[in-house]
Amino acid sequence: MLDMKAYQLRTGFKITQSILTALHALPESAWLSHVNLACYSGKWQVYPLRGLAKYSRQSPILQAFSLEESVLADDFSDYSTLMAFPDLTTFIAQLSCPVLSVRLMRLRPGATIAPHRDHGLCISQGQVRLHLCLQTDPHVDFIVAGESIHMAEGELWYLNADKEHAVYHRGSIDRIHVVIDCVANDWLRNMLDLPEHRELTDYSLSARQAWLATLAEQIVFCLHEERFSLRQPVREMVTSLAKLTELELHPDLFLDTDFTMTSHGKAVSMTTAAQCAEEFLRTVMFVRGIHQALNERLDAEQSVSVLYAGTGPFATLLLPLMGMFSAAQLQVTMLDIHSESLEKLQVLIKAFGLDDRVVGYICADATSWHSEDKFDLVISETMKAALDTEPQVSIFANVVSFLKPTGSLIPQAVELTTNGLDLNGKRIPLTAKRQLDRRTVSDFANGNQYAFDMSAPLPELGGIQAIEICTEIQVYGPHRLTNYDSSLNLPFVIPFSSSTKQIISDSDKSEAGSVVKLAYSAGSDPGYTLSFLPSTTDTAKNEGY
């Protein structure tokens, strides 16, 4: 029922003379051709009325089409263009759900919108597209999942844009709709004659287990090209887990004062750890990678043993999968430095009836904790971009010895590459690169303090003002996080100091040129520091792989 094709919400919206006057007053140049040229023929045009607030004074192209950057209503605002339509403003205000974007969309006679899907835009995924028909022609055919839907003037419709849909305009009058993207809530569900959303606390044990199983299947079996449709399910998961454990996910004036500074870096607070799960691609790729790693190790004779170091309150990277494996197949040791995180996690494990999959809960610093047991998998995602600030390296250096010979660290590899940045922000690739994996972390654990250092000659063209470190993560097998997928993959920039620039300038006058060195420290403030090697230094062994 949640995935209905279409539903008429109301009729009788009065299309006033002021609306028609404002429509006819719009200059032809104000209508923007839809940017997805491969999706239609003829003329399909857009006029933005509401969108992302940050684009309110920028290009109408950004206002009309840069809508997927956020699903938070607070990031959207009315544009000045909406002021010409006071009746529409009043109508939109009467919608008792968070409104994201509002656009006029015009389809000219003879135009065709080819069959396509707008992934995630349906009531079951939490974001809804509504159509208010202002002007149409009886020969406009709107097809949703094989069914023809006719929207008359003055009618408001919900259309399931996640299903394949197409439009064929065989008439002679422009079809003009107000297209409204909004967040699904109980008011909207009631308007669609659907049951109100229920919290996990109201579910029976079997219903909670079914909810978790459905979520896991969504994440694991979603096609890679449709992964962005998982944004809303993952964020709803995080919100639901927070409510179930009575954790305030976004407290007012959150200052994150509850972190722990260890001798090997910052262990983020319970609340910050929970918020990290909202980065949906980060969560999705780790869950998918771990699922593959577990499946590859299934053995009829014994369970797969997992150490999860740095669980946070939700054990987000593993919890969705735990119901997919029996206790005979999976046994997990949960470890975190914060006792309150483990307390919340125990509530979740009990709420989903997964106690028999957990060996124990250990409150300890993963950089120094010792175990006599050996594990098939060690999971720890305790990092930031460029391995800065947090103790990922030191945790892996400590726990790598707990792996079985055939065991794996997850993530399998954290790959660092470098660029030089000039005054205009242009990237100039450098040869310096390093990789955190089982081999290099074992080398580091065995005393090679330079295992993650890297260096490279700077190009002779000069002008470089900073070094950029890029981070890619191979979670497991083909499951990867690449540039800008999450905060872990944002470029990390180390600017040159004035003294550094002088060294470069002096070196550029010599025959040897400049060599930049990035030395990694895994101490109390982990990260890279920048320096320069003497121009005569042989850097071949330091230039990475």
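By class, 18 nonpolar, 14 polar and nine charged residues make up the lining of the second largest pocket. Here Ala, Val, Leu, Ile, Met, Phe, Trp, Tyr, Cys and Pro count as nonpolar, Asp, Glu, Lys and Arg as charged, and the others, Gly among them, as polar. The model is predicted, with local features needing pLDDT of at least 70 and side-chain atom pairs pLDDT 80 or more, while totals for chains, interfaces and linings use all residues. Residues are numbered from 1 along each chain as its sequence is written, and side-chain values use heavy atoms, without hydrogens and water.

A pocket is an open set of points on a 1 Å grid over the protein atoms alone, where a 1.4 Å probe fits and protein lies on both sides within 12 Å along at least five of seven lines; lining residues have an atom within 4 Å of a point. Points are joined across faces, edges and corners, and the volume is the space filled by probe spheres set on them.

The second largest pocket has a volume of about 900 Å³. Among its 41 lining residues, E68, R103, D118, L121 and R129 lie nearest the centre. Strand β6 gives the largest share of this lining, four residues. Helices (H or I, at least four residues) and strands (E, at least two) are DSSP runs, numbered from the N terminus.

Turning to the largest pocket, its space comes to about 1100 Å³. It is lined by 37 residues, with V71, L72, Q232, R235 and E278 closest to its centre. Two or more residues each come from α4 (186-191), α6 (231-244) and α8 (280-296), and α6 provides the largest share, seven residues. This lining divides into 12 nonpolar, 11 polar and 14 charged residues.
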